[in-house]
Amino acid sequence: MPSYSIIENFEVHKNNRFLEIAEALKPELLHKEIKAEKEIMVGKDRQMRTVITEEYPIENLYAKSLKRDDTVFVDFGDHAVGYVTLELSKTGSHQDAPVYFYLKFGERLEEMTDKTADYDGWLSRGWIQEEYIHVDVLPAKVKLPRRYSFRYMELRVIDTSAKFQLKIDGISCDTVSAVDMESVKPVDFGDPLLNQIDLVSRKTLKECMQDVFEDGPKRDRRMWLGDLRLQARANYYTFKNYDLAKRCMYIFAGLLFNEGKLSACVFTEPEMEPDDTYLLDYALFFSSVLLDYYEATDDLETLRDLYDVAIDQIRIAMTQLNEKNVVEDLGDAFWCFLDWGDGLNKQAGATAVLIYCIRYGIRLAKILDKQEDISWLEEKQAMLKEAAVKEFWDEALGMFVSGPDRQASWATQIWMILARVFDKETNCKLIHHVMEVNPRIRMVTPYMYHHYIDALIRCDEKELALEEMKRYWGEMIHDGADTFWEL
């Protein structure tokens, strides 16, 4: 089922000074042309997995003449984000009709064999990277106007005419990003799989670093606040593009809406515009994003500029507590993310995120010596921790529960550990108990698995964290990932 939010009486309150600062920080994207590497044949193996059955030098394709219903597949050799150009000509007699062909771009081989007409999900079919193109006059250099995120390309000739055939003379992609891979010196972890996970992680991050940190360059090309938090953290240790992180913070802070709330995400085209979606956890994370940036840069001016926006998100969240001093449960409404997952109740997890982000708010207030805020935040933090244990801890289960059905989930336990509701020793026991019990409501996304790894590290289980990284992200590597997937 789709989850979305539409806020009634939605109003945007722009801070033009903040938006001007953001605009001045807009990056000049780096361009690099890459060329198609190979022609491939695609089929199914005995387990019905999509595989490359044969591969040839790309010159093999350029020597062919293509007629109606001919289909070819191309491998660029690595994941690319950019703009594709096809150099086309003809063989045979004079072109007496337009050449009409179909293109499809995919990140995985499976996309080359999937029939897009069969898709029946709730995400828009518009995200499927396919085009139907007419070319009236050959030869021609066809520059596709849309940006694609892909490794593989399919070209199927729908029709030429009986008098001529289509010839491909070249396929290239003008790749774009705010950063380049060569700017980061790889780290040798002494483990080939960890080295590959690191490489693919950096590649994934690089592809998402465009005018802003995008959720993903293939789908949902928006800047989400929860994703920005993790992307910026990784960036500080790799590409070190501090201006891009600063730009993103000023965009969010410059586009507040009703009651001073931060939008969960921002659209960047045709102009900067906040989505009418409010997610409690994402708005709260602004305090974390701001402190992470300050600790990476010592940029006190930006901290002073954006401090009130960060603290206001905590104040707004405090108005959403019920009479038991925990976050009000809004049920199935799209009010808090935490993770995708059917049936995940988010009340306890949202309360834990609030406690977690208050800790960041306290640290921000201490840097600026905001004594009144420090006292208020520390008082609320203590109150919320006490209320969380009283309302959500189930002694018989040995876990936190959430919502009217007293649901135990991985997400709830992980966020309670990160919120430090209990001491480290108790948290260590809790994380091992959760692994043993394996609650029915499990983690779904790499986003949630990140917080699981974080919780393990906070419990001094670094070796176990590495094992889990190799099990989860390593399996994507074994499945052929050259960038990591959304699910």
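Helices (H or I, at least four residues) and strands (E, at least two) are taken here as DSSP runs, numbered from the N terminus. Residues are numbered from 1 along each chain as its sequence is written, and side-chain values rest on heavy atoms, with hydrogens and water left out. The model is a predicted one, so local features need pLDDT of at least 70 and side-chain atom pairs count only at pLDDT 80 or more, while totals for chains, interfaces and linings use all residues.

With those terms in hand, Trp122 is a handy place to start. Trp122 sits in the loop that runs between helix H3 (110-113) and strand S7 (130-135). Its relative accessibility is 45%, so Trp122 counts as partly exposed (buried is under 20% relative accessible area, exposed is over 50%, and partly exposed is in between, with a 1.4 Å probe and protein chains only). Together with Tyr119 and Leu123, Trp122 makes a nonpolar surface patch of about 270 Å². Patches are built from residues with over 30% relative accessible area and no salt bridge, joining like charges within 9 Å and nonpolar side chains (Val, Leu, Ile, Met, Phe, Trp, Tyr) within 5 Å. The areas themselves come from the Shrake-Rupley method with a 1.4 Å probe, and for residues only the protein chains shown count as cover.

S13 (residues 265-267) and S14 are held in the antiparallel sense over two bridges, and Val266 has Pro274 in S14 as its bridge partner. The loop between S13 and S14 contains Pro270, and the peptide bond leading from Glu269 into Pro270 is cis, with omega near 5 degrees.

Asp220 is not a glycine, yet has a positive phi of about 60 degrees. The residue lies in the loop between H4 and S11 and, at 7% relative accessibility, counts as buried.

The loop between helix H9 (300-318) and helix H10 (347-367) holds Lys346, and Leu338 is found in the loop between H9 and H10 too. Leu338 is another residue other than glycine with a positive phi, near 65 degrees, and its relative accessible area of 1% makes it buried. Leu338 is also one of the contacts of Lys346: neighbours within four places in sequence aside, Lys346 touches Trp335, Cys336, Phe337, Leu338, Asp339 and Ser402 (contact means heavy atoms within 4.5 Å). Lys346 is buried but has no salt bridge, and the nearest side chain of opposite charge, Asp281, is 7.1 Å away. For charge, Lys and Arg count as positive and Asp and Glu as negative, whereas His and the chain ends are not counted.

Salt bridges do form elsewhere, with 36 found in a search of the whole structure. The criterion is a side-chain nitrogen of Lys or Arg within 4 Å of a carboxyl oxygen of Asp or Glu. Asp198 and Arg202 make one of these, with their closest N and O atoms 3.2 Å apart. The two are four residues apart in helix H4 (residues 192-208), so about one helical turn separates them. Both Asp198 and Arg202 are buried.

Asp373 pairs with Arg315, the closest N and O atoms being 2.9 Å apart. Asp373 is buried, at a relative accessible area of 13%, whereas Arg315 is partly exposed at 34%. Glu378 bridges to Lys366, with the closest N and O atoms 4.0 Å apart. Glu378 counts as partly exposed at 36% relative accessibility, and Lys366 is partly exposed with a relative accessible area of 49%.

Finally, some salt bridges join up: Lys38, Glu55, Asp75, Arg151 and Asp482 are linked in a network.

Methods: Pairing = 2+ DSSP bridges.
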